[in-house]
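Q: Please take a close look at one strand and its partners on either side. How is that part built?

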Amino acid sequence: MKLVYPLLPQHFENEHAFHSKNFSFVSLRKAMISPVTIDEIKTRMDIVEVVSDFVTLKRSGSSYKALSPFANEKTPSFYVVPSKGIFKDFSSGKGGDAITFVMEVDGLSYIEALKYLAKKYNVEIVEDQVRSDEAQQAQNKRESLHIILNYAKDYFHDLLINSEEGKSVGLSYIKEREISDESLEKFELGYSLGQWDGFMKAALEKGYEKHLLEEAGLIIVKDDKTYDRFRNRVMFPIHNVAGKVVAFGARILVSDKKQPKYINSPETELYNKSRVLYGLAQAKLEIRKEDNCFLVEGYTDVISMHQVGVQNVVSSSGTALTEDQIKLISRFTHNVTVIFDGDAAGIKASIRGIDMLLEGGLNVRAVALPEGEDPDSYAKSLGTSAFKHYIEAESQDIIRFKTKLFLDESKNDPVKKAGVIRDLVSSIAKIDDPIKRTVYLKECSDLLEIDENVLISEQNKILIQRSRDRDKDKQRNNGGGSFTEVPPIADLIVPGTGAVDKLDIQKIIELQERESVRVLVNYGKNHIKNQELQDEGLISYFVSEMEEIQFSNPLYRQIIDIIKNKLQEGVLVDGEYLMNHGPEEVKNVVVDLLTQRHELSENWEKKYKIHVPRETELLRDVTYSNILRLKFRIVQHLIEEETKKLKDPQADDQIDEILDEINELKKIEIDLARHLGNVITK
């Protein structure tokens, strides 16, 4: 670690001339869209609007907060800072601008995210002039797969509407199921011909590559045979949250015992069935508006409910609910109503998975339809108003629903009743809110005619065991942690002394480096008063004082190097510049440094008439003290290193030189401490 003398801040240079410049920073992955278009998208996009399409935000001071869309949590740790155009998720560590958010939340590539935002803000996509007609082949695989799947969707839809077979077979089935023309278009339904390779031939003629058709799950290559995956079926396109087709569900229309009634696309780079909910793209706005999501089983259940005016509905497509699907729902609401088909055995089998909804922090209600009915048939049977009235009147919280469901069969069987009690208490224990748990335990006690204390005791056993399991998991994962994580300064204090443990001085230095970089990225373009009370750039002051000091943390050092290099070009760099032009690893650090989890309440000033200075009012002192503290810690580290040399037997002939060096460093330490108001105890 290099150190330059003198260590105290000196006078500023009198003047620095800085000239703003516009930099076009286009990486290879951005080469498909012109820099002008990218700049236009960035100019128009609003981080709050973009995030609100996926997450329910609540204002918190000058920022917004929400439950993380990337992690399962009970207390909000996801923040959006509109003034800086960034988000930060403290649970997962993810952060960035609106483009980064769309990429992370929906698994899109950079190009896909730009196109999504361009569509949202009506920005015309202008492609780079260097792009040739053959540049389609240079697009990344994900983009190519999206293009192919969109083509397939249009192809199947056209066959349904315009081909003789599509109209006589596919359209007849759709009309028989009373699916309206509006729903047909809304859900982009289609039809696949009863041919072995009809789609493949059409796609190859259009220039799509066979290996990409296979990777999209549209054709099957087996030995020396290649054929269409979907044949003679009604096609239900499956969309991601952003509304792009990622897969298909297909219902067979001929009687064939060798073929399943429904088949889905295989899992691909774009499609993971555990992370997709059918109908969410069409329902997400209505779910947020109603603050409730209806959960059903099949494709036609979703479509029929839309037709009777219940549009806040999604389907798990006949598969068991997954944690990722629950996270998808929780982006838009924390209230779920599960509609069960009228089949008692089926309800008991599928209700086991409802515990995952409770564990995910959702408020869950349930509705059981009459025997033999499903949402599709019952919605058509009752009509709009009667169906809405039924699901509203019959809806009840999941614990009461579950208790009543199993109560009848266990009343006269003590063994079964004991099993039901344990099952119910286990479900209640998954609810994070202790007040809700208490209410549910009381309700179960009344319904089951059992002492409430017995239920509480059983619950406590479950909670204690869960806590122990979590502790074991933490111990197993104790070796983890990201590069930029450093312990709180309180953890570096020697117990009982209040002194910093010398063994941890390097961690203290890294903490101080972080604080210095935080000030630079937040206030890099600000000016402060120098010792002659002249305006001086904060960055130039910092760089001149820290010129020969190399930061120990590689990422902080990288940020400082960027700032120094740009300063030489006459460009002032702050967090905004680094977010737009920095490497990905730098952007992640900068987002963290730009985001504050806590803000000073306006009530101090407005209500209590107490003025608490903001950091911007104290910038000179903050900058000055940061430089001093960092140098102070570096000097302490150097003293420690020199002291270690004294213990080396091979350094006997250098003792005097080492002692002189320690003595000089001690003088500097005392001088720095005096300016900082510290007391050196030894």
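A: What follows describes strand 4 and the strands that pair with it. The model is predicted, so local features need pLDDT of at least 70 and side-chain atom pairs pLDDT 80 or more, whereas totals for chains, interfaces and linings use all residues. Residues are numbered from 1 along each chain as its sequence is written, and side-chain values use heavy atoms, with hydrogens and water left out.

Strand 4 covers residues 86-89; strands are DSSP runs of E with at least two residues, numbered from the N terminus. In a regular strand, side chains alternate between the two faces of the sheet. In strand 4, I86 and K88 lie on one side and F87 and D89 on the other, and all are buried (under 20% relative accessible area, 1.4 Å probe, protein chains only). Both faces of strand 4 are therefore covered.

One partner is strand 3, residues 78-81, which pairs with strand 4 in the antiparallel sense over four bridges; pairing requires at least two bridges found by DSSP between two strands. Within this pair, V81 stands opposite I86. Strand 3 and strand 4 make a hairpin with four residues between them. In that turn, G85 has a positive phi of about 65 degrees.

Strand 5, residues 95-96, also pairs with strand 4 in the antiparallel sense, here over two bridges.

Terms used
Buried means under 20% relative accessible area, exposed over 50%, partly exposed in between (1.4 Å probe, protein chains only).
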